[in-house]
Amino acid sequence: MGVAKKTRKFATVKRVIGQRDARLKKNQLKGGEISAKKAAESQPVREIPQAPSHLFFQANTSLVPPYRVLIDTNFLSHTVRAKLDLQPSLMDCLYAKATPVITTCVMAELEKLGPKYRIALQIARNEEWERLKCDHKGTYADDCIVDRCIKERIWLVGTNDRDLKRRIRKIPGVPIISVARGKYVIERLPDAPNSL
C-alpha cells in the first residue's frame with residue numbers, strides 16, 4: 001500500500017466569529033430592539049387634539065349674538081349673483097345681529113380676480129364691515145380661514161367653496177353659512193339654551 005499524499009494548505013486561518021455575527025447574544029438583543037422600533041414606527045400615531053372647554057359634544061357654547069362671520073371670496077360672488085344684501089340677509093338667516101369680517105387675504109383675492117368681481121370688491125370695501133389683518137405669507141384665503149377657526153372657535157364661516165366646507169366640517173363647533181336658492185343657509189348652528 002502506498003503512502004497517502006498530504007497536500008499542504010496555504011494561508012489557512014483559524015475561523016473567528018465576527019463582531020457583527022447574528023449568533024452573538026449582544027447582536028440578538030440589538031436585532032430585537034431594532035425590530036421593535038420598526039414595528040412601533042409602522043403603527044399609525046393616534047393623536048386626539050384637546051378640544052376647548054366651551055365645546056359640548058358638537059355644540060359650541062361660545063357662539064352667541066352678535067355673531068362674527070368670516071366671509072370668503074366666493075361667498076361674496078354668490079351673494080352678488082343672487083342679488084342679496086349682505087347685512088340684512090345675514091340677520092334674516094341668523095335671527096340676530098351679525099358682523100361680516102373680511103380678512104386682508106380675501107381682499108387680495110378679490111383684487112386679483114379683476115373687473116369681473118368689481119361689485120363683490122365694492123361690497124368688501126364697505127367701511128361698516130370688520131377688517132382682520134393677516135400676518136402670514138401669500139394670499140390663499142382658505143388656509144387663513146381654517147387656521148383662524150382652529151385657533152378661536154368664535155367664528156361662523158360664510159363660504160360656498162366645497163373644499164373649504166369639507167375642511168371646516170372637520171373642525172367641531174364651527175357653523176357654515178352658504179348661499180343656496182336665493183338666500184343664506186346655515187348648517188350646524190346649535191339651538192339656543194333658553195329655548196328648551
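This section describes the annotated domain, a pocket, the nonpolar cores and selected backbone features of a predicted model. Residues are numbered from 1 along each chain as its sequence is written, and side-chain values use heavy atoms, with hydrogens and water left out. In this predicted model, local features require pLDDT of at least 70 and side-chain atom pairs count only at pLDDT 80 or more, whereas totals for chains, interfaces and linings use all residues.

An unreviewed UniProt entry places the feature "domain: PIN" at residues 67-166; UniProt positions are given in the numbering used here, feature names are shortened, and annotations may be inferred rather than shown by experiment. Over residues 67-166 the chain is 51% helix and 18% strand, where helices (H or I, at least four residues) and strands (E, at least two) are DSSP runs numbered from the N terminus. The end C-alpha atoms of this stretch are 22 Å apart.

The second largest pocket has a volume of about 260 Å³. A pocket is an open set of points, on a 1 Å grid over the protein atoms alone, where a 1.4 Å probe fits, with protein on both sides within 12 Å along at least five of seven lines; lining residues have an atom within 4 Å of a point. Grid points are joined across faces, edges and corners, and the volume is the space filled by probe spheres set on the points. Of its 14 lining residues, Asp-135, His-136, Cys-144, Asp-147 and Arg-148 are the closest to the centre. Helix H6 (residues 141-151) gives the most to this lining, with 5 residues. By class, the lining has 4 nonpolar, 3 polar and 7 charged residues (Ala, Val, Leu, Ile, Met, Phe, Trp, Tyr, Cys and Pro count as nonpolar, Asp, Glu, Lys and Arg as charged, and the others, Gly among them, as polar).

The largest nonpolar core has 29 residues, of which Val-69, Leu-86, Ile-177 and Tyr-184 touch the most other members. Such a core is a set of buried Ala, Val, Leu, Ile, Met, Phe, Trp, Tyr and Cys residues joined through side-chain atoms within 4.5 Å; buried means under 20% relative accessible area, exposed over 50% and partly exposed in between (1.4 Å probe, protein chains only). Elements giving two or more residues to this core include strand E3 (67-71), helix H3 (86-94) and strand E7 (176-180). Apart from this core lies another, of 13 residues, among them Leu-70, Cys-149, Ile-168 and Val-174.

Beyond its neighbours within four places in sequence, Tyr-184 is in contact (heavy atoms within 4.5 Å) with residues including Phe-75, Leu-86, Ile-177 and Ser-178. Ser-178 is found in strand E7 and counts as buried because its relative accessibility is 9%. With residues up to four places away excluded, the contacts of Ser-178 include Phe-75, Thr-159, Asn-160 and Lys-165.

A cis peptide bond, with omega about -5°, joins Pro-65 and Pro-66. Pro-66 is placed in the loop between strand E2 (59-60) and E3. Lys-83, which is not a glycine, has a positive phi of about 55°; Lys-83 lies in the loop between H2 and H3 and is exposed, at a relative accessible area of 76%. Arg-181, also not a glycine, has a positive phi of about 55°. Arg-181 is located in the loop between E7 and strand E8 (183-187) and is exposed, at 79%.
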